[in-house]
Number of protein chains: 2
Amino acid sequence: MQISRNKKLPGINIKLNECGLKATLPRIKVVEALQNSKKPLSAAEIYKLTKKYTDRASIYRSLRVFTECGITDEINLNEGFLRYEISGKKHHHHIKCDNCGAIKCIDICIKLDVEKLTGYRINKHSIEFNGVCPNCLKNYS
Amino acid sequence: MQISRNKKLPGINIKLNECGLKATLPRIKVVEALQNSKKPLSAAEIYKLTKKYTDRASIYRSLRVFTECGITDEINLNEGFLRYEISGKKHHHHIKCDNCGAIKCIDICIKLDVEKLTGYRINKHSIEFNGVCPNCLKNYS
DNA sequence: AATATAAATGCAAATCAGTCGCAATAAAAA
DNA sequence: TTTTTATTGCGACTGATTTGCATTTATATT
Ligand SMILES: [Mn+2]
Ligand SMILES: [Mn+2]
Ligand SMILES: [Zn+2]
Ligand SMILES: [Zn+2]
């Protein structure tokens, strides 16, 4: 796939190269899709947005290596698939409204407490909530 | 499948009936497998233990309805499949050692804090950890 | 105890997220 | 510009879970 004189976005290219990754068009399109999204995206959603530039296997490979490098975070909202978002400055978790589908970030975590409590060295954790948001509670009940 | 004069275990039968469920042999065998297990089981593990009495589809159907009724709890340790345990007296979460595979229950939860913080009515939540347990930390590093 | 009926089962086929092998391609290094 | 090596795109594949449907079984009823 021919990169259409893409002289913009040196930021992404540099970040990819810093991680030892080639800055390919498929990868750039995945990063862009995530950056332009207001909520974490699933691989299927990313594919819908970028199918002109890549295929499903490459998206999964990109997301895996991005997450390993800390470029993205993986989010498990018990939907039967994973979501991804650009790894922000601040560690956080999520809550999804089962009614309107909105996904909100929440600045709360108990990783350190659990490490202290259990003596484990925690490699990975997932703290995710599903419910009905205040707005939907108001309107439909 | 013929129930082999199973006059024991009226407790399970009663609990199933209370939930509006028929106390079938396949269901009883699934409950027994979970009761006899020291750790939460996956559908595949339950199948291995009960294949003489049921099949995969029925196990999945049982686990779903059990979880809906509150007979079992669903646990997502990011393993690519779900685990189930008999719903205990006390609400809790889990941590799995990536080295030895042990799954430990932890009595810590922030559901109420998150409800207070966000105003959501939380229907479902999942708070799960992966890491290396103190014992494995000692032995292998 | 025999019958009716609605729920649950077993089986095979389907679905769905995610992975893999491999030849072709493109980014980065030389 | 050429070489090197990572990455891609494709299709086939896996593993978990679901579904349709004809048959069986638990329970309520007589
Ligand atoms: Mn977020
Ligand atoms: Mn437990
Ligand atoms: Zn956290
Ligand atoms: Zn909890």
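**Entry 1. The zinc site**

I looked up Cys109(A) and found it partly exposed, with a relative accessible area of 29%. The model is predicted: local features need pLDDT of at least 70, side-chain atom pairs count only at pLDDT 80 or more, and totals for chains, interfaces and linings use all residues. Residues are numbered from 1 along each chain as its sequence is written, chains are lettered from A and ligands numbered from 1 in the order in which they are written, and side-chain values use heavy atoms, with hydrogens and water left out.

I then asked which protein donors hold the zinc ion (ligand 3). They are His91(A) (NE2), His93(A) (NE2), Cys109(A) (SG) and His125(A) (NE2), at 1.9 to 2.2 Å from the ion. Donors here are N, O and S atoms within 2.8 Å of the metal (3.2 Å for Na, K and Ca); water is not among the atoms, so sites may look incomplete. The angles among the four donor atoms are 104 to 116°, and the site of the zinc ion (ligand 3) is tetrahedral. Along the chain the donors of the zinc ion (ligand 3) show the spacing H-x1-H-x15-C-x15-H. Cys109(A) sits in the loop between strand 5 (103-106) and helix 5 (111-118) of chain A, and His125(A) in strand 6 (residues 121-132) of chain A, so the pair ties together parts that are 16 residues apart in sequence. I took helices (H or I, at least four residues) and strands (E, at least two) as DSSP runs, numbered from the N terminus. His125(A) counts as buried, at 17% relative accessibility.

**Entry 2. The manganese sites**

Is His92(A) buried or exposed? His92(A) counts as buried, at 15% relative accessibility, and Cys105(A) is partly exposed, at 40% relative accessible area.

In chain B, the manganese ion (ligand 2) is coordinated by Glu85(B) (OE), Glu85(B) (OE), His92(B) (NE2), His94(B) (NE2) and Cys105(B) (SG), at 2.1 to 2.6 Å. I noted that His92(B) is buried at 17% relative accessibility and that Cys105(B) is partly exposed at 38%.

**Entry 3. The fold of chain A**

I counted six helices and six strands in chain A. From the N terminus on, the elements run α-α-β-α-α-β-β-β-β-α-β-α. Buried residues make up 40% of the 141 residues in chain A. The C-alpha trace of chain A spans about 50 × 45 × 25 Å along its principal axes.

Helix 4 (residues 56-69) of chain A has 14 residues and reaches 20 Å from its first C-alpha to its last, close to the expected 20 Å at 1.5 Å a residue. The expected span is 1.5 Å times one less than the number of residues. I listed the buried residues of helix 4 of chain A as Ile59(A), Ser62(A), Leu63(A), Val65(A) and Phe66(A).

I found three strands of chain A in an open sheet with the order 1-3-2 and antiparallel pairing. Its edge strands are strand 1 (41-42) and strand 2 (72-75) of chain A, each pairing on one side only. Two strands pair if DSSP finds at least two bridges between them. Strand 1 and strand 3 (residues 83-86) of chain A are joined by two bridges, and Leu41(A) stands opposite Tyr84(A) in strand 3 of chain A.

**Entry 4. The two chains**

I superposed chain B on chain A by a rotation of 179° with 0.0 Å of shift along its axis (RMSD 0.2 Å). That is the relation of a two-fold axis. In chain B, the C-alpha nearest the axis belongs to Ile127(B), 2.2 Å from it. The superposition is by least squares on the C-alpha atoms of residues with pLDDT of at least 70 in both copies. I also noted that 100% of the interface residues of chain B are interface residues in chain A too, so the copies meet through the same surface. Contact means heavy atoms within 4.5 Å.

Methods: Buried < 20%, exposed > 50% of the residue type's maximum accessible area, 1.4 Å probe, protein only. Tetrahedral: all angles 85-135°; square planar, octahedral: opposite > 155°, others 65-115°.
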